[in-house]
Amino acid sequence: MKRIRRVAIVLRMSGSAGRDILSGVFHFTRMHPNWHTRLFQMPSEFTPDAFLAESAVGLDGIIASEPGPDETAALVRDSKIPVSFIGDPGPVLSARRSGIAFTRNDDDQIGRIGARYLVSLGAHRAYGFVPTTSRQYWSDSRERGFTEELKLRKAEPVVFRSPGAAGSREDLAALKEWLAALPKPAAVMTAWDTRATQVLNLCQEARIKVPRHISVLGVDNDELLDESCVPPLTSILPDHEKLGYAAARALERLMAERVQKESRPFLIRPVKVVERESAIASTPTSHLLSSALEFIRKNAVKGIRVDDVAKALGISRRLADLRFQQFSGETINEAITRQKLDAVKKLLATTDRPIKVISEACGYTDLAYLKTLFKRRFGCTMRDWRRQNHE
């Protein structure tokens, strides 16, 4: 039998993101019954005394989404206990030289998807972004992706800058004034769902109709929160379960000493935009894009080409490519390739099938071509990628 591994899990459980991350961690632990876990439901609970108490009975690893108090972070940094960190470890833990891995949402991509989605809704006179006021790394990355994507589309984004703490009287008064001043119709993305609910409440107070005057988009897809909004909130769904699973897998590799340190964060791409009444795609082009993406998702590994997508949409290849690239930021062929490579990676990580069989199953008849493409795209061979990511 495998030796029991004692693992501390330090997550902020006050929102849906923390619960979904924990679900992903537990998905991993179900396949590794030798893990014995203790959950700290808020980072503040992971005090120096708690860390020392866990260490005294034999702590083999830590999964954390926040570093906790600086004193605890310093103790963890100076220990030899492997750490799998979700997000930004902060200045104290960042100084650790070995025994640490990083996993995070691809927040830049979340911002870009938000920009593409809002553009796909139709013509707006203004595109705005409402960040957190505490300068969180994920808010900054989403803002950067959002603004850069809009600039690529020749649109000038407007970012709200608050004079006070989020939710304070000064903050909400300034945000209400900012929303009222936006040229209408406008489209606004917020850094996360909680911020979006503030935007919706302020729009209601200012008699700004949503989505007629302002379309509003959040991030996290906290269903309990989003469904209770007026109107219900459209939100980007990050893959928090996959984030938790990947963090647990990274810790297992560290504890087994298969790696000493992950030099770069492992990024988890978002899943999709969950549409509700606050921002609904209603233009012919947006529906065309949704249909194209759905067709590609279902048929990419069957060897489809651009002509097949155009035929499924009932339009010319030239128009299909033009509209798709205009509103998604990539060509149809690039989207097909991305979907096929995602399928390759999934089979490499979750099965023991020979690489040649995987190649054929994902629509690649030329194995040599796939090997070259894979290495060029991901910087390693398929065999190396499997070794690093196999579940």
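Helices (H or I, at least four residues) and strands (E, at least two) are DSSP runs, numbered from the N terminus. This is a predicted model, in which local features need pLDDT of at least 70 and side-chain atom pairs count only at pLDDT 80 or more, while totals for chains, interfaces and linings use all residues. Residues are numbered from 1 along each chain as its sequence is written, and side-chain values use heavy atoms, with hydrogens and water left out.

**Cis peptide bonds**

Select P185, in the loop between α7 (169-181) and β8 (186-190). The peptide bond joining K184 to P185 is cis, with omega about 0°. Then go to P231, which sits in the loop between α9 (223-228) and β10 (234-237). V230 and P231 are also joined by a cis peptide bond, and omega there is about -10°.

**Loop residues**

Next, select N221, in the loop between β9 and α9. Phi of N221 is near 50°, a positive value in a residue other than glycine. Is N221 buried or exposed? N221 has a relative accessible area of 8% and is therefore buried (buried means under 20% relative accessible area, exposed over 50%, partly exposed in between, with a 1.4 Å probe and protein chains only).

Move to K154, in the loop between α6 and β7 (157-159). K154 has phi near 65°, again a positive value in a residue other than glycine. The relative accessible area of K154 is 78%, so K154 is exposed.

R207 is in the loop between α8 and β9 (214-219). R207 is exposed, at a relative accessible area of 76%.

**A pair of helices**

Two packed helices are described by the angle between their axes and the distance between the axes. Select residues 332-350, helix α14, together with residues 382-389, helix α17: they pack at an angle of about 55°, with axes 8 Å apart. Axes are lines fitted to C-alpha atoms, for helices over the stretch in contact, and angles run from 0 to 180 degrees between N-to-C directions. α14 and α17 are therefore oblique to each other (under 35 degrees counts as roughly parallel, over 145 as roughly antiparallel, 65 to 115 as roughly perpendicular and the rest as oblique).

On a 1 Å grid over the protein atoms alone, a cavity is a set of points where a 1.4 Å probe fits but cannot get out, and a pocket is an open set with protein on both sides within 12 Å along at least five of seven lines; lining residues have an atom within 4 Å of a point. Grid points are joined across faces, edges and corners, and a volume is the space filled by probe spheres set on the points.

Select R12, E66, Q136, W138 and W192, which lie nearest the centre of the second largest pocket, among its 42 lining residues. Elements that give two or more residues to this lining include α1 (16-30), α6 (137-152) and α10 (240-255). The second largest pocket holds about 970 Å³ of space.

The whole structure has 2 cavities of 30 Å³ or more. For the second largest cavity, select its lining, including F46, I62, E66 and L93. β3 (61-64), α3 and β4 (83-86) each give two or more residues to that lining. About 50 Å³ of space lies in the second largest cavity.
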